[in-house]
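Reader: I've got a model open and I'd like to learn how to read it. Can you walk me through a few features?

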Amino acid sequence: MVDEPAGSVSDWISEIDDAINQAFFDLNARHPFYWNLGTRPGTILTVAQITNLTLTIAATGSAVAGTLSAAPAGSVSILNRKIRPSGVNWIARVTAHTGGGTAITLDAVPATIAAGTACTIFQDEVALASDFGYFNDGLWSQDGNFIEVWDLERLLGAYPDAPSAGWPPAAAAISADQRIRFSTYPTTIQRLEYYYVIREASLTAGGSTTLTTPEHLRWVIAYGALYYAYLFKSDKRAGLFQKEFERGIETAISFDRRVRTGMGRVGQSVTYGAYG
């Protein structure tokens with residue numbers, strides 16, 4: 001494709017690897033293609049709130065020690081859950097706890113809490129699938145309610161701390177990488193499902209070697225790789241292949257929509273996406 005001095009062949013091969021991956025990731029980032037959906041829906045099993053324990057906090061500040069009146073039932077760890085003492089308007093996150101123990105560490109505490117103060121321990125943030133990339137639409141509760149996904153700023157503006165109980169939540173938002181926060185938290189164990197687009201691994205250098213892209217659309221990645229390869233070399237031919245790559249992406253998106261909705265009159269009239 002481009003004449004290279006013999007001594008720089010290995011460098012050029014490395015650049016080609018980078019170009020292929022760049023095109024692959026670029027294509028997948030443009031649209032939630034059906035072939036990149038998780039093999040099965042992601043699932044979340046929430047935890048029930050704990051309200052039968054009391055809390056003592058003798059100091060204020062960061063990384064503060066607290067003591068529960070008893071170990072949570074079942075010797076479970078409450079690490080990463082939140083705790084709200086009765087009679088205050090703040091919550092603290094549990095940053096350390098060992099199942100079966102009563103000692104906890106809280107992230108930041110603005111006031112001491114007298115011995116024997118009632119508290120609520122709950123969880124409004126949970127982990128998503130380990131290969132989660134982004135949501136295809138939203139989440140579905142076990143009783144069929146659809147839960148919208150908002151951006152975090154909107155969620156916190158509408159449902160600020162301290163969180164309140166309520167299920168199903170009106171919305172959820174990504175709160176950290178592969179982690180989600182609900183607008184309200186459950187008081188009992190609840191099951192959720194969500195369809196999602198996976199986070200693709202690299203095609204080379206120890207990554208995945210299996211393309212999920214349909215064979216008849218893999219030419220799109222090839223054109224994208226040529227575009228990025230020429231771009232890396234500051235070659236003016238990059239512009240030509242960029243046009244072909246963009247055309248290919250449009251073709252792939254069109255095919256994805258035909259597969260999802262079919263060719264019938266009703267299917268073709270559906271607005272794509274959960275919030276159309």
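Author: Let's start with the strands. Six of them form a closed barrel in the order 2-3-6-5-4-7, with antiparallel pairing. Strands here are DSSP runs (E, at least two residues), as are helices (H or I, at least four), both numbered from the N terminus. Two strands pair if DSSP finds at least two bridges between them. This is a predicted model, so local features need pLDDT of at least 70 and side-chain atom pairs pLDDT 80 or more, while totals for chains, interfaces and linings use all residues. Residues count from 1 along each chain as its sequence is written, and side-chain values use heavy atoms, leaving out hydrogens and water.

Reader: How do strand 2 and strand 3 pair, parallel or antiparallel?

Author: In general, strands of a sheet pair through backbone hydrogen bonds, in either sense. Here, strand 2 (residues 54-57) and strand 3 (residues 61-68) are antiparallel, over two bridges. Look for Thr56, which stands opposite Thr67 in strand 3.

Reader: On to charges. How many salt bridges does a search of the whole structure find?

Author: A salt bridge is a side-chain nitrogen of Lys or Arg within 4 Å of a carboxyl oxygen of Asp or Glu. The search turns up 14. Take Glu246 and Arg30, whose closest N and O atoms are 2.9 Å apart. That pair links distant parts of the chain, 216 residues apart: Glu246 sits in helix 4 (residues 238-261), Arg30 in the loop between helix 1 (9-29) and strand 1 (42-45).

Reader: Are Asp124 and Arg181 buried or exposed?

Author: Both are buried, meaning under 20% relative accessible area; exposed is over 50%, and partly exposed falls in between (1.4 Å probe, protein chains only). The two form a salt bridge, with 3.6 Å between the closest N and O atoms. Asp124 lies in the loop between strand 7 (113-122) and strand 8 (125-127) and Arg181 in strand 12 (residues 179-182), so their bridge ties together parts 57 residues apart in sequence.

Reader: And Asp235 with Arg237?

Author: Another salt bridge, at 2.8 Å between the closest N and O atoms. Asp235 is buried at 19% relative accessible area, whereas Arg237 is partly exposed at 40%. Elsewhere, salt bridges that share partners build one network, with Lys82, Arg93, Asp107 and Asp124 among its members.
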